[in-house]
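Please look over the fold, the charge pairs and a few individual residues in the entry below. A short report follows.

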Amino acid sequence: WEWFAKYKIQGPDVFPEPPLIRQCIIDNLVGHLIVVPLAAYFGYPLFKSFGMTISGTLPSALTILRDFVVFIAINDTLFYWVHRALHHKSIYKYIHKKHHEAKAPIGIFSKYANPVEDILANSLPTILGPILMGTHCYVFWLWLMIRLFETVDAHSGFSFPYNPFHMFSFQGGADRHDFHHSHNVGCYGSFTIFWDWITGTDKQFLEFYAKKQADAKKAA
């Protein structure tokens, strides 16, 4: 645990309260065992109408790469703007406040959300790209796996070295999203920092992170 503890962003002893974790587990079980299977069953005809297939030849590596670029661009854009809109004071307490009950989140809180938020901010940005591209079903499953890993990592509360989701400066990652939960401001993006960078909504995070790094150097 000592090796893991040193990468815990808010400190090794900071976690959500047990009752909140239990509620999150219940929400996740309902979502994954009931809601997701129903959505997949009733949603498949829509995917199929845009060209998705579960059979036939697998697409080339270049086609998969093209599709993933589109997926990430659409996901980043929709997630950023919907997420930012959900923080507007006129609607925040009705929808997005539930997700922010965890000030120091752990991975399972990536799916802890009001149903409206789950549709508009989580599901729609994730599935719209594959629908529009008519991507192969296996590619869609691969994308879902990567997207889930990304959001679980962002909510994990840990910032590990060599993490593929924040190895480069243009990527998002757990440091940014953990700040978003602990301070409830800015860093609205997902895979990349593009929209936060363009609009300046990561300014407070950058100031906070620079101070944190400076303090760590002094203490070393």
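Which side chain meets that of K111 in a salt bridge? The partner is D118, at 3.2 Å from N to O. A salt bridge here is a side-chain nitrogen of Lys or Arg within 4 Å of a carboxyl oxygen of Asp or Glu. K111 itself is partly exposed at 24% relative accessibility. Buried means under 20% relative accessible area, exposed over 50%, and partly exposed in between (1.4 Å probe, protein chains only).

This is a predicted model, in which local features need pLDDT of at least 70, side-chain atom pairs count only at pLDDT 80 or more, and totals for chains, interfaces and linings use all residues. Residues are numbered from 1 along each chain as its sequence is written, and side-chain values use heavy atoms, with hydrogens and water left out.

**Fold**

The protein chain has 8 helices and 0 strands. Its pattern along the sequence is α-α-α-α-α-α-α-α. The radius of gyration is 18 Å, close to the 17 Å that the globule rule gives for 220 residues, so the chain is as compact as a globular protein of that length. That radius is taken over C-alpha atoms, and the rule is 2.2 Å times the number of residues to the power 0.38. Helices (H or I, at least four residues) and strands (E, at least two) are DSSP runs, numbered from the N terminus.

The C-alpha trace spans about 60 × 40 × 40 Å along its principal axes. Of the 220 residues, 41% are buried. Among contacts with a separation of 6 or more, 66% join residues 24 or more positions apart. Contact means heavy atoms within 4.5 Å.

**Charge pairs**

Side chains of opposite charge can pair when their charged atoms come close. The whole structure holds 6 salt bridges. The table gives some of them.

| Pair | N to O distance |
|---|---|
| D67 and R66 | 2.8 Å |
| K111 and D118 | 3.2 Å |
| R147 and E150 | 2.4 Å |

D67 is buried at 3% relative accessibility, whereas R66 is partly exposed at 45%. R147 and E150 are both buried. They lie 3 residues apart in helix α5 (residues 137-154), about one turn of the helix.

**Individual residues**

H83 sits in helix α3. Its relative accessibility is 2%, so H83 counts as buried. Beyond residues up to four places away in sequence, H83 touches L78, H96, H177, H180, C187 and Y188.

Y92 lies in the loop between α3 (61-86) and α4 (115-133). It is buried at 15% relative accessibility. Leaving out residues up to four places away in sequence, Y92 touches L86, H87, K97, H100 and N184.

N184 belongs to the loop between α6 and α7 (194-199). It is partly exposed, with a relative accessible area of 27%. Its phi is positive, about 55°, although N184 is not a glycine. Most residues other than glycine have a negative phi. Y162 also has a positive phi, near 60°. Y162 is in the loop between α5 and α6 (174-183). It is exposed, with a relative accessible area of 74%.
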